[in-house]
Amino acid sequence: MRHLLAISLVTVREVLRRKLQVNLLFFGVALVGASYLMGGLTLGERYRILSDLGLTAMQLIGVLVAVFVGSNLVSGDMERRVLHPVLAKPVSRSGYLLGRYLGLALVLTLNLAVMTGLFALILAADAGDLHPVGRAFFEAVALLEIQFLVVGAVAMLFSAFTSTTLAAVFTLAVAIAGQMTGEIRALWQGPGTWIPRLLWYLLPNLSALNANEALVYGTPPPAQAWLAAAYGLAYAAAALALAVLVFERRDLR
Amino acid sequence: MRTVRIVQATTFAGLALATWMLASRLDAGRLRPYDVGIVPKASTLRWLSLGHPTLAANLLWLKAVQYIGDPRANERGWEKLYPLTDVVTDLDPRHGYAYQVAGTLLSPFGHVPESNAILEKGTRALPDRYILPYLRAFNAFYYDDDWITAGRFAEISARSPGAPPHVRQNVLAYYVKGQRAGAAVAFLQQSLAEARDPETRKAVEGQLLQAMLERDAVRVDEAVEKWRNRYVIGPLFLQQLVGEKLLPAIPADPHGGELFVDEEGRVRSTANPYRFARPEPVWARIPRRSPEKEGKAP
């Protein structure tokens with residue numbers, strides 16, 4: 001457990017030093033800010049534009065951070081040859097991988113906290129009070145966090161057996177496809193319906209973790225959203241378990 | 001080393017200048033933010049939105065707002081507004097303001113069927129937004145001269161939560177002008193049964209009495225008209241209509257007074273002489289518009 005925490009804290013420090021992550025965070029803050037300006041273009045119901053664009057900007061940046069940082073963690077260490085000295089210490093491969101993931105999760109949470117703080121400020125300033133920053137707001141943010149954790153776990157999985165570039169490409173593809181599995185399953189009629197069904201189970205159903213509509217209308221997410229949250233956490237755990245399984249068997253020479 | 005730097009800086013400056021010159025020659029006039037080219041299909045946008053249909057709806061709505069705000073909108077026409085808001089509301093059926101804005105803007109510019117379509121779609125999708133059937137009722141009486149449809153939609157509006165009390169009066173007026181005072185009576189009787197506070201009950205009771213008067217007075221008006229056709233002048237007493245078998249009996253005045261025939265030949269109550277005016281023909285209500293594009297409005 002001590003090793004796990006040490007590796008995760010090293011990961012946080014390492015990621016915070018990287019320019020990519022800082023750039024993405026800056027871009028995210030700028031996007032959330034831009035949603036405030038976009039809100040001014042509408043005719044009535046400014047909050048609708050502000051909340052929808054702001055939340056999507058946070059999602060976009062959070063997913064990109066999870067993809068690019070997550071896919072670089074394990075494979076990057078292997079490419080830079082820093083993995084061997086770590087594993088030469090009394091640290092198991094699974095402990096190393098889980099520590100890296102824990103660090104990634106902390107970074108993603110930190111990112112989300114910064115963007116959430118700014119987003120809350122913008123919404124409150126626009127409304128003139130704190131009513132937009134209520135239950136629906138925090139529930140939407142919580143679902144985003146789970147979405148990031150899922151994408152991060154998928155990135156770790158790919159990072160465990162392939163190169164950084166390929167892991168980033170694969171994770172990004174899964175993150176995009178994960179937003180479409182629900183639509184594919186609903187729209188695919190006729191022969192071959194087992195294909196969308198298979199994709200539905202294989203790919204993470206990220207669209208179930210979107211709470212834009214609930215935030216726009218200030219309503220609590222449907223009961224299904226909490227089921228989706230449990231599903232997201234289970235999916236992330238399963239992806240990590242698979243990553244550990246693959247990484248344990250990987251030839252590191 | 002210094003020479004290399006000078007060459008690099010000169011190259012950069014030259015390229016920057018060339019880019020600036022090319023940019024200045026681009027036809028910026030062609031980039032019109034108000035223009036709408038192809039309106040995408042809702043199903044396509046739903047796919048492209050990657051699980052964010054409300055975001056796609058909101059971005060398209062911003063486009064629709066630019067289209068609405070075009071200073072040359074009247075010369076350009078409003079053909080794209082209905083397709084735009086139809087797609088917006090397909091993607092986000094709860095986008096109440098889109099229905100409302102499109103419904104309000106389309107009808108004065110000759111797109112009454114589209115206005116009706118978007119308002120009816122909104123009425124179905126958002127039964128708690130009273131303004132949508134209210135506007136649909138307005139279209140029906142103002143543009144289509146269809147008082148019965150107006151009454152039907154005003155009734156839907158009056159039953160919606162948050163509808164102001166005056167909508168009930170609209171229901172009464174529309175049904176009466178559409179020769180369906182009986183429907184107004186039925187609606188107001190139900191409203192009276194559902195009224196909880198004394199102020200509402202009092203208001204509904206007054207409207208119900210008026211609806212009953214209108215329902216009964218119309219039959220007497222018709223009998224008076226037949227009498228006039230027969231004898232040129234009107235009857236001296238209403239009982240003469242019964243004697244002539246034009247009416248089985250003179251209905252009681254719901255207001256508690258007596259019914260009488262005024263100088264115009266309309267039956268009124270001595271207790272409350274108010275009667276709804278007869279509907280004007282549609283051409284008398286709509287002002288003429290000068291621009292040709294707007295001339296399509298009925």
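**Chain B against chain A**

I started with the interface of this predicted model: 15 residues of chain B are in contact with 21 residues of chain A. Contact here stands for C-beta atoms, placed from the backbone, within 7 Å of each other. On the chain B side, helix H2 (42-48), helix H3 (53-68) and helix H6 (96-106) each supply at least two residues. H3(B) gives the largest share, 7 residues. Helices are DSSP runs of H or I with at least four residues, strands are E runs with at least two, and the numbering goes from the N terminus.

I then sorted that side of chain B by class and got 9 nonpolar, 4 polar and 2 charged residues. For the classes, Ala, Val, Leu, Ile, Met, Phe, Trp, Tyr, Cys and Pro are nonpolar, Asp, Glu, Lys and Arg are charged, and the others, Gly among them, are polar.

Bookkeeping, before I forget: residues are numbered from 1 along each chain as its sequence is written, and chains are lettered from A and ligands numbered from 1 in the order in which they are written. Local features need pLDDT of at least 70 and side-chain atom pairs count only at pLDDT 80 or more, while totals for chains, interfaces and linings use all residues.

**H3 on H3**

Next I looked up how H3(B) meets helix H3 (residues 46-79) of chain A: their axes come within 10 Å and cross at roughly 130°. That makes H3(A) oblique to H3(B). The axes are lines fitted to C-alpha atoms, for helices over the stretch in contact, with angles from 0 to 180 degrees between N-to-C directions. Under 35 degrees counts as roughly parallel, over 145 as roughly antiparallel, 65 to 115 as roughly perpendicular, and the rest as oblique.

The crossing of H3(A) past H3(B) is left-handed, i.e. the near helix is turned anticlockwise from the far one by less than a right angle. I listed the residues that make the contact: A:Arg48, A:Ile49, A:Asp52 and A:Thr56 from H3(A), and B:Thr54, B:Leu55, B:Asn58 and B:Leu62 from H3(B). By class that is 3 nonpolar, 3 polar and 2 charged residues.

**Cores**

Which residues touch the most other members of the largest nonpolar core? I found A:Ala153 and A:Met156, in a core of 70 residues. A nonpolar core is a set of buried Ala, Val, Leu, Ile, Met, Phe, Trp, Tyr and Cys residues joined through C-beta atoms within 7 Å. Buried needs 20 or more other C-beta atoms within 10 Å of the residue's own, exposed means 12 or fewer, and partly exposed is in between, with C-beta atoms placed from the backbone.

H6(A) gives the most to this core, 16 residues. Leaving out residues up to four places away in sequence, A:Ala153 touches A:Tyr101, A:Ala236, A:Ala239 and A:Leu240. Apart from this core I noted another, of 68 residues, including B:Tyr82 and B:Met212.

**A:Leu206**

I checked a loop residue next: A:Leu206, between helix H9 (194-202) and H10 of chain A. Buried or exposed? A:Leu206 is buried, with 29 other C-beta atoms within 10 Å. Beyond its neighbours within four places in sequence, A:Leu206 is in contact with A:Gln147, A:Val150, A:Ala175, A:Gly178, A:Gln179 and, from chain B, B:Gly51. A:Ala229 is 23 residues away along the chain, with 9.8 Å between the C-alpha atoms.

**H7 and H8 of chain B**

The axes of helix H7 (residues 112-125) and helix H8 (residues 131-142) of chain B come within 8 Å and cross at roughly 150°. The pair is therefore roughly antiparallel, and H7(B) passes H8(B) in a left-handed crossing. On the H7(B) side I noted residues including B:Val112, B:Ser115 and B:Leu119, which meet H8(B) residues, among them B:Leu132, B:Pro133 and B:Arg136.

B:Pro113 lies in H7 of chain B and counts as partly exposed, with 14 C-beta neighbours inside 10 Å.

**Positive phi**

Most residues other than glycine have a negative phi, and I looked up two exceptions. Phi of B:Gln179 is near 60°, in the loop between helix H10 (166-177) and helix H11 (181-194) of chain B. Phi of B:Lys245 is near 65°. B:Lys245 counts as exposed, with 8 C-beta neighbours inside 10 Å, whereas B:Gln179 counts as partly exposed, with 14.

Definitions and conventions: Contact = placed C-beta atoms within 7 Å.
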